[in-house]
Amino acid sequence: MTPRGTRVIPRSEVRKLLTLQQCIAAVEEAFRQHGNGVASRPGILGMHGKGGGFHIKAAFAPDAALFAAKMNANFPQNQHDFNLPTIQGVIVVSDSRNGYPLAVMDSMEITILRTAAATAVAARRLARPESATATICGCGTQARAQLQAIASVCPIRKAFAYDVDSVRARAFAGQAASELGIEVEAEEQLARATLQSDVVVACTPAKKSYLSANDVRAGTFVAAVGADAEDKQELEPALLAKSKVVADIAEQAATIGDSHHAIAAGAMHRQDIYAELGEVVAGIKPGRISGSEITVFDSTGAALQDVAAAAVVLRQAEKMGIGLVVDLFA
């Protein structure tokens, strides 16, 4: 069938078309296909400019005849200088059989949900099943989705909220407690929270590590979410060295993730990355095998997550007639 136009889908509509549970299911299946070798390796390109930078991630969806490329811009001074978000971007979804651009959609809602979804997929295999306490490090835009994702796969009864901005941590704690119906406490001493926690999610833009091996007790699952560029770091190398490390994409983690810094510091080697998440999801390698091991998910953000989530949005939008359809080639 000849395409009839390109569907433009703004963030407000993406939010209506993609739930966290839908995203978890789609991302889990994408990692399973990747682990089984069905999906091609995703691609990534990063470029730095004055005051910020861009990264492009791209992948095929093998079971949906789709190709998606996400371009995100990251400019830390945007809020101060232009009253704009730090991160902005779009996803272009094309028919992989003929290259026609089927949709252009906001990337931010998808990025938030697919990142949290990957944490949930990892937690199912790497956290202890009885995990009831969590710490969220960084109370920015990713925090809410991360806590929701963890609570959807673990029996979380209490969470701690930590941020360098204590006011933001308290605000997040109040909102999260109301939304999830669990106890959420703002904590100004990070170790006091993490040493009581079964799950720790690090989702900050930090460029220097702040979570050490002494801050994490035996049996903890750590999701390292913030380090998605070579200059970002959240986990001290010694923590990764004593942990079972599972990466979303091992090559990316060894280049831009927390594993990158541990390798550079000589605390671990590339081959010390135990597995990719896809291998664990597909059952090729086991996840957690004991209650005492520390497991780390090095989450750098894989394009296969973006294309899986974008495919859900596009299918829903087509079904419901949502989005402005334009002919880009008229």
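Biologist: Let me start with a strand position: which residue in β8 does I136 stand opposite?

Modeller: I136 stands opposite A161. Keep in mind as we go that this is a predicted model.

Biologist: What makes β7 and β8 a pair of strands?

Modeller: At least two bridges are needed for strands to pair. Five bridges join β7 (residues 133–137) to β8 (residues 158–162), so the pair meets that rule. The two strands run parallel.

Biologist: Which sheet do these strands belong to, and in what order does it run?

Modeller: Eight strands form an open sheet, ordered β9-β8-β7-β10-β11-β14-β12-β13, with parallel pairing.

Biologist: Why are β9 and β13 called edge strands?

Modeller: Each of them, β9 (183–186) and β13 (275–276), pairs on one side only.

Biologist: Now to charges. How do you know that R11 and E109 form a salt bridge?

Modeller: The cut-off is 4 Å between a side-chain nitrogen of Lys or Arg and a carboxyl oxygen of Asp or Glu. For R11 and E109 the N to O distance is 3.0 Å, so the pair qualifies. R11 sits in helix α1 (residues 11–17) and E109 in helix α4 (residues 108–126), so the bridge ties together parts that are 98 residues apart in sequence.

Biologist: Are these two residues buried or exposed?

Modeller: Buried means under 20% relative accessible area, and exposed means over 50%. E109 has 10%, so the label is buried. R11 has 32%, which falls in between, so R11 is called partly exposed.

Biologist: What makes R124 and E28 another example?

Modeller: Their side chains meet at 3.0 Å, N to O, which is within the 4 Å limit. The pair links distant parts of the chain, with R124 in helix α4 and E28 in helix α2 (residues 20–35), 96 residues apart. R124 is partly exposed at 41%, whereas E28 is buried at 13%.

Biologist: How do you know that D306 bridges to K70?

Modeller: The closest N and O atoms of D306 and K70 are 3.1 Å apart, again within 4 Å. D306 lies in helix α12 (residues 303–320) and K70 in strand β4 (residues 66–74), 236 residues apart. D306 and K70 are both buried.

Biologist: How many salt bridges does the whole structure hold, and which residues are linked in a network?

Modeller: A search of the whole structure finds 22. R128, E130, D198 and R217 are linked in a network of salt bridges.

Biologist: Why is the pair C137 and C203 not called a disulfide?

Modeller: The two sulfur atoms would have to be within 2.5 Å. The cysteine sulfur nearest to that of C137 belongs to C203, 7.3 Å away, so C137 is in no disulfide. By this rule the structure has zero disulfides. Both residues do count as buried: C137 has 0% relative accessibility and C203 has 11%.

Biologist: Why is Q196 called partly exposed rather than buried?

Modeller: Its relative accessibility is 39%, and buried would need under 20%. Q196 lies in the loop between α7 (190–194) and β10 (199–202). Beyond four places in sequence, Q196 touches T133, F160 and R217.

Biologist: What makes the approach of Q196 to R192 a polar contact?

Modeller: A polar atom of the Q196 side chain lies 2.7 Å from the backbone oxygen of R192, and the cut-off is 3.5 Å. The distance therefore falls within the limit.

Definitions and conventions. Residues are numbered from 1 along each chain as its sequence is written. This is a predicted model: local features need pLDDT of at least 70, side-chain atom pairs count only at pLDDT 80 or more; totals for chains, interfaces and linings use all residues. Side-chain values use heavy atoms; hydrogens and water are left out. Helices (H or I, at least four residues) and strands (E, at least two) are DSSP runs, numbered from the N terminus. Buried means under 20% relative accessible area, exposed over 50%, partly exposed in between (1.4 Å probe, protein chains only). Contact means heavy atoms within 4.5 Å. A polar contact is a pair of N or O atoms within 3.5 Å; within protein, one must be able to donate a hydrogen and the other to accept it, and residues adjacent in sequence count only if both atoms are side-chain atoms.
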